[in-house]
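The sequence and structure come first, and the description follows.

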Amino acid sequence: MSGTTDSYKTNFTETKDIVFKIFRYEPDVNPKPHFDTFTVPVVKGWTVLDAVMYIKENLDSTVSYRASCRMGICGSCAMEINGKPRLACQTQVISELRSKEVVIKPLANYPVLRDVVPDLTPLIEKHADVRPYILRKDKKVEVNPKGELYQTPDQLEEYLQFSYCIKCGACLAACPVTGADVKFIGPQALTQSYRYSVDTRDDGFKLRLEVMDHSHGVWHCHFAGACSEACPKGVDPAFAIQLFKREITARKFGKEVEPARLARQPADVKRRENIPYAPEKTVKQ
Ligand code: SF4
Ligand code: FES
């Protein structure tokens with residue numbers, strides 16, 4: 001057997017005992033929050049989510065957590081791990097945390113449903129408030145455009161980074177302003193508001209301003225930067241919020257933006273053969 005195969009084998013059979021302290025809150029059973037402690041034989045390469053799943057499967061089946069994709073895409077496994085909001089499925093226990101003890105709590109700044117499961121309603125409601133979709137004055141173009149809207153690659157770059165948000169809620173948990181003001185619209189929604197407002201296909205800047213331009217809106221951000229540090233997708237909400245302040249100021253001082261027009265289809269374009277058509281719409285408009 002080669003040396004490479006031997007070390008591969010060794011890496012995946014060696015374990016290290018790590019103590020996990022998990023926040024417990026079961027409103028129906030025991031309304032008093034407390035911590036339970038578990039010793040987990042962590043295998044090299046395990047994430048915090050792997051360890052929590054091990055606990056549920058082998059040590060205490062009543063431990064509750066939220067997770068789905070296990071690959072940093074769905075955003076559902078965000079929790080506070082050793083004092084910081086992180087995705088449990090993207091946090092390596094041995095090589096990243098480098099600690100004999102791991103303390104897991106629900107995300108701060110949210111109500112708790114049970115154990116480390118937060119109620120993300122504030123995140124979702126604030127996100128919905130900013131109308132995170134393309135708005136147009138011409139409702140026909142908004143609802144059923146008859147073609148594509150012009151956008152250059154440079155215009156796409158203006159907002160692309162901010163569109164990588166997976167709604168994990170870590171930024172709100174890290175934000176000191178959200179902790180002090182429950183009405184603060186928060187870094188996630190502000191970022192999405194900016195993302196759509198600078199999308200050249202969008203024409204909803206003034207509508208979104210009603211939600212953004214007040215004492216619990218964009219101006220309440222102190223630029224602590226904690227949201228950007230916490231964000232697992234590199235969205236950098238703090239940067240988006242400062243750009244948004246600049247954009248609002250520029251438009252108040254007269255900057256005008258013409259939304260993108262529908263691109264006219266060139267006359268000589270022919271549909272390639274054997275490309276199936278989209279199925280008929282099932283919802284009548
Ligand atoms: S901006 Fe980042 S931290 Fe905030 S919800 Fe989106 S992905 Fe999560
Ligand atoms: S389980 Fe989907 S992001 Fe962690």
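## Charges over rings

The charged end of Arg-195 is placed over the ring of Tyr-196, 3.8 Å from the ring centre. A charge counts as sitting over a ring if NZ of Lys or CZ of Arg is within 6 Å of the ring centre and within 35 degrees of the ring normal. Arg-251 likewise lies over the face of Phe-205, at 3.9 Å from the centre of that ring.

## Basis of the description

The model is predicted, and local features need pLDDT of at least 70, side-chain atom pairs count only at pLDDT 80 or more, and totals for chains, interfaces and linings use all residues. Residues are numbered from 1 along each chain as its sequence is written, chains are lettered from A and ligands numbered from 1 in the order in which they are written, and side-chain values use heavy atoms, with hydrogens and water left out.

## Overall composition

The protein chain contains twelve helices and seven strands. Helices (H or I, at least four residues) and strands (E, at least two) are DSSP runs, numbered from the N terminus. Taken along the principal axes, the C-alpha atoms of the chain fill a box of roughly 65 × 55 × 40 Å. Of its 285 residues, 39% count as buried; buried means under 20% relative accessible area, exposed over 50%, and partly exposed in between, with a 1.4 Å probe and protein chains only.

## The five-stranded sheet

An open sheet is formed by five strands in the order E2-E1-E5-E3-E4, with mixed pairing. Two strands are taken to pair if DSSP finds at least two bridges between them. E2 and strand E4 (84-87) stand at the edges with a single partner strand each, so one side of each has no neighbour in the sheet. From one strand to the next, the twist averages 30 degrees.

E1 and E2 form a hairpin with three residues between them, and they pair in the antiparallel sense over eleven bridges. Within this pairing, Val-19 has Thr-39 in E2 as its bridge partner. Strand E3 (residues 78-81) and E4 also run antiparallel, joined by four bridges, and Ile-81 stands opposite Lys-84 in E4.

## Aromatic pairs

Six aromatic pairs are found in the whole structure. The ring centres of Phe-23 and Phe-35 are 5.7 Å apart and their planes stand at 85 degrees, so this pair is edge-to-face. The pair links distant parts of the chain, with Phe-23 in strand E1 (residues 15-26) and Phe-35 in strand E2 (residues 30-43), twelve residues apart. Rings of Phe, Tyr and Trp (its six-membered ring) pair if their centres lie within 6.5 Å; planes under 30 degrees apart count as stacked, over 60 as edge-to-face and the rest as tilted.

Phe-23 is buried, at a relative accessible area of 15%, whereas Phe-35 is partly exposed, at 38%. Elsewhere, ring pairs join Phe-162, Tyr-194, Phe-205, Phe-239 and Phe-244 into a cluster.

## Helices H4 and H9

The axes of helix H4 (residues 121-129) and helix H9 (residues 186-197) come within 9 Å and cross at roughly 25 degrees. H4 is therefore roughly parallel to H9; angles under 35 degrees count as roughly parallel, over 145 as roughly antiparallel, 65 to 115 as roughly perpendicular and the rest as oblique. Axes are lines fitted to C-alpha atoms, for helices over the stretch in contact, and angles run from 0 to 180 degrees between N-to-C directions.

Helix H9 includes Ala-189, which counts as buried at 1% relative accessibility. The C-alpha atoms of Ala-189 and Leu-172 are separated by 9.6 Å, and these residues are 17 residues apart along the chain.
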